[in-house]
Amino acid sequence: MTDEEREDRVMELSEKIYKKSASADEEDEFFGLLKSLISDLRQDLDKSKMK
Amino acid sequence: MNFETKKAETCGEEGNMTELQHELAGLETTSRGVQPEKFGKKTGRRAALLGVALAALFVGTEKAKARDVESIIYSGTNVAERIVIMKQQRDMMKIQQKQMEASIRMQEEQQKAALEQQKAQQEASERYLEQQGKEQTRMQKEQAKQQFCSSLLNNPDLVAKPEMKGAVKRCTDYLFEEERSEPAKPAKEKR
């Protein structure tokens with residue numbers, strides 16, 4: 001999944017979570033995407049420290 | 001407790017929340033001491049996205065309010081927000097720097113153009129003065145020649161001398177030529 005695709009999906013699922021209309025599977029997917037996002041962000045920050 | 005045990009104990013939404021807590025705490029730790037000027041565009045977008053997702057989670061998940069997760073989500077949102085703000089500030093600084101550089105370049109170009117204009121004016125002025133000088137010298141020479149010829153031709157003793165014959169002829173030719181080259185006077189004046 002590309003960054004753009006993940007971004008679109010996170011936004012889509014965020015809306016569902018916000019409206020409390022997400023299914024259990026969608027909630028799991030949402031958390032999974034958030035974790036991968038946080039992980040990438042941590043890598044970005046680590047890289048920025050090393051520059 | 002290893003990861004597998006922990007995962008087994010915390011499944012479903014509870015497990016997701018616990019893992020998210022863990023990830024966000026890690027992110028907060030990592031975010032300490034980062035240098036905003038080193039962030040890329042992608043980092044800013046990712047942080048903004050995380051902020052939006054966490055805000056949605058906070059509003060949409062009752063359990064987030066019921067548990068300590070509230071504070072960690074707040075904290076995660078703050079981290080995301082801080083990264084975004086840092087990036088915005090960095091971008092703003094970049095824009096300001098570019099504007100300043102453009103302004104300096106423009107000033108330099110204006111100065112250069114002004115110097116070139118000044119130089120061109122100076123050169124034109126020098127050329128004019130040089131031309132004026134040449135014209136004045138030529139006129140002075142002409143005047144001297146005329147005076148010499150007039151005084152020669154008005155002196156019968158000198159005209160009579162054989163050694164002056166050549167000079168007399170040149171002066172006569174010169175004065176005659178000059179009269180011919182003078183512009184014709186208007187008819188009224190002739191009368």
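Modeller: Start with the helix: a DSSP run of H or I with at least four residues, while a strand is a run of E with at least two, both numbered from the N terminus. This is a predicted model, in which local features need pLDDT of at least 70, side-chain atom pairs count only at pLDDT 80 or more, and totals for chains, interfaces and linings use all residues. Residues are numbered from 1 along each chain as its sequence is written, while chains are lettered from A and ligands numbered from 1 in the order in which they are written.

Colleague: How many helices and strands are there in chain A? And how many in chain B?

Modeller: Chain A has 2 helices and 0 strands. Chain B has 8 helices and 0 strands. Read from the N terminus, the elements of chain B go α-α-α-α-α-α-α-α.

Colleague: At what angle do α2 of chain A and α3 of chain B pack?

Modeller: First, the rule. Axes are lines fitted to C-alpha atoms, for helices over the stretch in contact, and angles run from 0 to 180 degrees between N-to-C directions. Here, α2 (residues 24-50) of chain A and α3 (residues 41-60) of chain B pack at about 145°, and their axes are 10 Å apart.

Colleague: Is the crossing of α2(A) and α3(B) left-handed or right-handed?

Modeller: Left-handed. That label applies if the near helix is turned anticlockwise from the far one by less than a right angle; clockwise gives right-handed.

Colleague: Which residues make the contact of α2(A) with α3(B)?

Modeller: Two residues are in contact if their C-beta atoms, placed from the backbone, lie within 7 Å. On α2(A), the residues are Leu34(A), Leu37(A), Ile38(A), Asp40(A), Leu41(A) and Asp44(A). On α3(B), they are Lys42(B), Thr43(B), Arg46(B), Ala47(B), Leu49(B), Leu50(B) and Ala53(B). Together they divide into 8 nonpolar, 1 polar and 4 charged. Nonpolar covers Ala, Val, Leu, Ile, Met, Phe, Trp, Tyr, Cys and Pro; charged covers Asp, Glu, Lys and Arg; the others, Gly among them, are polar.

Colleague: How many residues of chain B are in contact with chain A?

Modeller: 28 residues of chain B are in contact with 25 residues of chain A. On the side of chain B that touches chain A, α2 (12-31) and α3 of chain B each supply at least two residues. α3(B) gives the most, with 12 residues. By class, that side of chain B has 13 nonpolar, 9 polar and 6 charged residues.

Colleague: What should α2(A) and α3(B) span?

Modeller: The expected span is 1.5 Å times one less than the number of residues. For the 27 residues of α2(A), that is 39 Å, and the end C-alpha atoms are 39 Å apart, which agrees.

Colleague: Which residues of α2(A) are buried?

Modeller: Count other C-beta atoms within 10 Å of the residue's own, all placed from the backbone: 20 or more is buried, 12 or fewer is exposed, and in between is partly exposed. The buried residues of α2(A) are Phe30(A), Phe31(A), Leu34(A), Leu37(A), Ile38(A), Leu41(A), Asp44(A) and Leu45(A). Those of α3(B) include Arg46(B), Leu50(B), Ala53(B) and Leu57(B). Of the 51 residues in chain A, 25% are buried. For the 191 residues of chain B, the figure is 17%.

Colleague: Which residues touch the most other members of the largest nonpolar core?

Modeller: A nonpolar core is a set of buried Ala, Val, Leu, Ile, Met, Phe, Trp, Tyr and Cys residues joined through C-beta atoms within 7 Å. The largest one has 29 residues, and Leu50(B) and Ala53(B) touch the most other members. Two or more residues come from each of α1 and α2 of chain A, and α2, α3 and α5 (69-153) of chain B. Leaving out residues up to four places away in sequence, Leu50(B) touches Leu37(A), Ile38(A), Leu41(A) and Ala80(B).

Colleague: Where is Arg6(A) found?

Modeller: Arg6(A) sits in helix α1 of chain A. Arg6(A) counts as partly exposed because it has 16 C-beta neighbours inside 10 Å. Beyond four places in sequence, Arg6(A) is in contact with Met1(A), Leu33(A) and Leu37(A).

Colleague: What is the phi of Lys20(A)?

Modeller: Most residues other than glycine have a negative phi. Lys20(A) is not a glycine, yet its phi is positive, about 60°. Lys20(A) lies in the loop between α1 (3-18) and α2 of chain A. With 10 C-beta neighbours inside 10 Å, Lys20(A) counts as exposed.
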